[in-house]
Amino acid sequence: MALSGGSIVNSYDPRLRLRMCSLQSQSQTELVSYDDKISTTTKFAQIPTWVSLNTTHSASIGAISQPIQHGRLENLHLVSLARRGKLKEAYEFLQEMARYRISVTSYSYQCLLQACAKSNSLSYAKLFHHHTVQMQLQTDPEGRCVIDNCALRCYCDCGSLRDAENLFDDMPMKNLNSWMVMISGYAAEGLLTDAFGLFSQMLKRGICPNSSIYIMLLGFLSSDPSLLKVGEQLHSHAVRCGLSQDASVNSSIINMYVKSGCIEGARLVFDNMAERNAVSSTALMVGYIQAGSHAEAVKLFLRMVREGVPMDEFVFSIVLKACSASGELDMGRQIHCFIVKHGLASEVSVGTPIVDLYVKCGSIESACQAFHGIYEPNDVSWSALITGYSQAHKYDEAIHGFKYARENGVLNSYIYTSVFQVCSALADMSFGAQVHGDAIKRGLVSYPYGESAMITMYSKCGRLEYAFQAFQSIDEPDTIAWTAIISGCAYHGNASKALELFWSMQDVGVRPNEVTFVAVFTACSHAGLVKEAKQYLDTMGSEYGVEPIIDHYNCMIDVYSRAGKLQAAFDLIKAMPFEPDAMSWKSLLGGCWMHRNLELGEIAAKNVILLDPDDTAGYILMFNLYTRLGKWEEAADIRKMMAERNLRKEIGCSWISTNGRWHCFIVGDRHHPQTEEIYLKLKEINFNPADIESTMLNEDELLGNFPERKEQCLEHSEKLAIAFGLISTASNAPLLVFKNIRACKHCHNFSKYVTMITGREIVVRDANRFHHFKFGECSCNDYW
């Protein structure tokens, strides 16, 4: 008699019994007595796959005639095969056990059927279940029912409702679990009519449902708000069955009402509960948040505190979300203290929502402190912090956090989206392209936000062609992606392409949203398309289903103002269905400065300063208007007002990237290592336009001495950056310069002049738009 894999034990052979004892000793496995169960603590991995023994042909013949044996080790090996998913080996071993009439326990069959369900193997499930019939396990009706229920669940999990139905109809004995499995199978496939039909049959047969069936059915109803009426009937039936005070059933009912949008029903059930728990309270809080009733969610939390309801991490995460959405920073801080008192602030499931709260409330310092208090921050924690840095304009910290998270392998698609946004703000094309490649390699470019953020990043970095490539790589661009590429074209001054894309968007069935129309109005504004912009404003509600908000009216005011239609802009401010805000008046004031309208300019400036006294733009535009019209005393009063209010204009800064390094310049900058070469290049260009006196205050401090201003105009940051680019790059390479404020007329003319005498292309991104200079012309057609 030889040892071999896949063989079977002849338990009546003394030599084999001795070998079995040896195997038991080697495996060091604790074998417990079997009724219908094997200990789940057994070390299956230590049992060799060749655990059984072969017999000779003569011995096999003798074995068949022997009575059924209870092979504990064989069943243990069978369970081991099932748990490792080796269904083929398990079935072959099962056949050998049957051949030698070694009994298979109910527990072994259950493990085999569960393994089939896990691997979605319907064919083996049928074989194993058929084997139970062959082995005549139906002599024990209750045991037979247990196995049939397991097979029933396996068929449902494998998606074969027909086999499940056939088995259910043929079962000689059904218990409550049988009905529940079949009802669940129907519901899981969306066949709720069949599920409730079977539930009705069960009731007609006098089978009393338990709480589990109600919880299961309510869970499926929660996925479809249109089934609210059915849910109400099921709620009523649960009450009639005496489950009105079952906490688990009530929590499921509340959840069903919440997901169906019936907050009143959920609140009524909650108020009538004799004993409220964290699950029911949290379900109602989620409902309040979904309905936008954040204050009610916080009130419910405070009620839980007063009533002493036990709280878990999920309760805290939900109430913190309510505080974040409503901007309740003070309440959020108090809840944070409450969490610290309970010792949960270091838990990532609670600490992360705390970080998110502070980020959304604009308290980045508190967010950092909360983040550092988390024991093991995960990718969501890092995402919240990096997003906070980005929103607080702490771009270096955001990039540093990204690099640290990347080194430690805690990344997700939201982190990459935030980094794309950071690169957009910094106009860092080099790093942005590297991050893009890394995100693609890791499969962490999210749809739709990540892909749209890439489009925005490339367009804001001055590479509109790359933005188009990113857009075209999206299989089915949604509204966000279309809006991103339309915005890119608008800010690059290509109004015709922007409007063409807007029409193409509608041709493919994608509906525009509020932001899309802001991009469309921006395109019209930069191209002077007054008639088209007015038409869009008048029809966006009726034709596109997007009701105009104040942002759209402000865009239209800007369109009128840039085009010199100042009275039309002023009339729109008075007639629009919203109270004008600072941006409304600022747009009009900008137009008054461009077109020298003092009367409307003074009205606009007065309102800008009244509504936003800390914004320097209103003061500076009015100062420039006064100086342009020669009203020096009034201009001096503006300067005095700014000094009294301790207001300083943002210092103009321009930057350019060469050889992977950024070089920044401010007006009159002489700190660069190549300062001498830069100023020599400016002298070589010899740009002295006759209209230098018309250049108003833009980059330098508020100075009324025009001889000084003439000198400083020659040293504006944009010119220094361009001069540096000319001496640091190849003679045929285009220059890409970025600027933090609006380009002045002098620098604009300088850029046109340089392209004319050098043949170089220059692209400048200022605070408002992109300017593409080529052969002495600008893409804006001097309309900016």
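This report covers aromatic ring pairs, charges over rings and paired strands in a predicted model.

## Ground rules

The model is predicted, so local features need pLDDT of at least 70, side-chain atom pairs count only at pLDDT 80 or more, and totals for chains, interfaces and linings use all residues. Residues are numbered from 1 along each chain as its sequence is written, and side-chain values use heavy atoms, with hydrogens and water left out.

## Aromatic pairs

Rings of Phe, Tyr and Trp (its six-membered ring) pair if their centres lie within 6.5 Å. Planes under 30 degrees apart count as stacked, over 60 as edge-to-face and the rest as tilted. By this rule there are 23 aromatic pairs.

One of them joins Y458 and Y466. Y466 is partly exposed, at 31%. Here buried means under 20% relative accessible area, exposed means over 50%, and partly exposed lies in between (1.4 Å probe, protein chains only).

## A pair between two helices

F517 and Y544 also form an edge-to-face pair. Their centres are 5.2 Å apart, and 65 degrees separate the planes. Helices (H or I, at least four residues) and strands (E, at least two) are DSSP runs, numbered from the N terminus.

Both F517 and Y544 are buried.

## Charges over rings

A charge sits over a ring if NZ of Lys or CZ of Arg is within 6 Å of the ring centre and within 35 degrees of the ring normal. R463 lies over the face of Y466, at 4.5 Å from the ring centre. R670 lies over the face of Y679, at 4.0 Å from the ring centre.

## Paired strands

Two strands pair if DSSP finds at least two bridges between them. Strand 4 (residues 762-765) and strand 5 (residues 770-774) are antiparallel partners, with four bridges. They form a hairpin with four residues between them. Across the pairing, V764 stands opposite H771.

Strand 5 also pairs with strand 6 (residues 777-778), antiparallel again, over two bridges. Here F773 stands opposite C778. What phi does F775 take in this hairpin? F775 has a positive phi near 55 degrees, and two residues lie between the strands.
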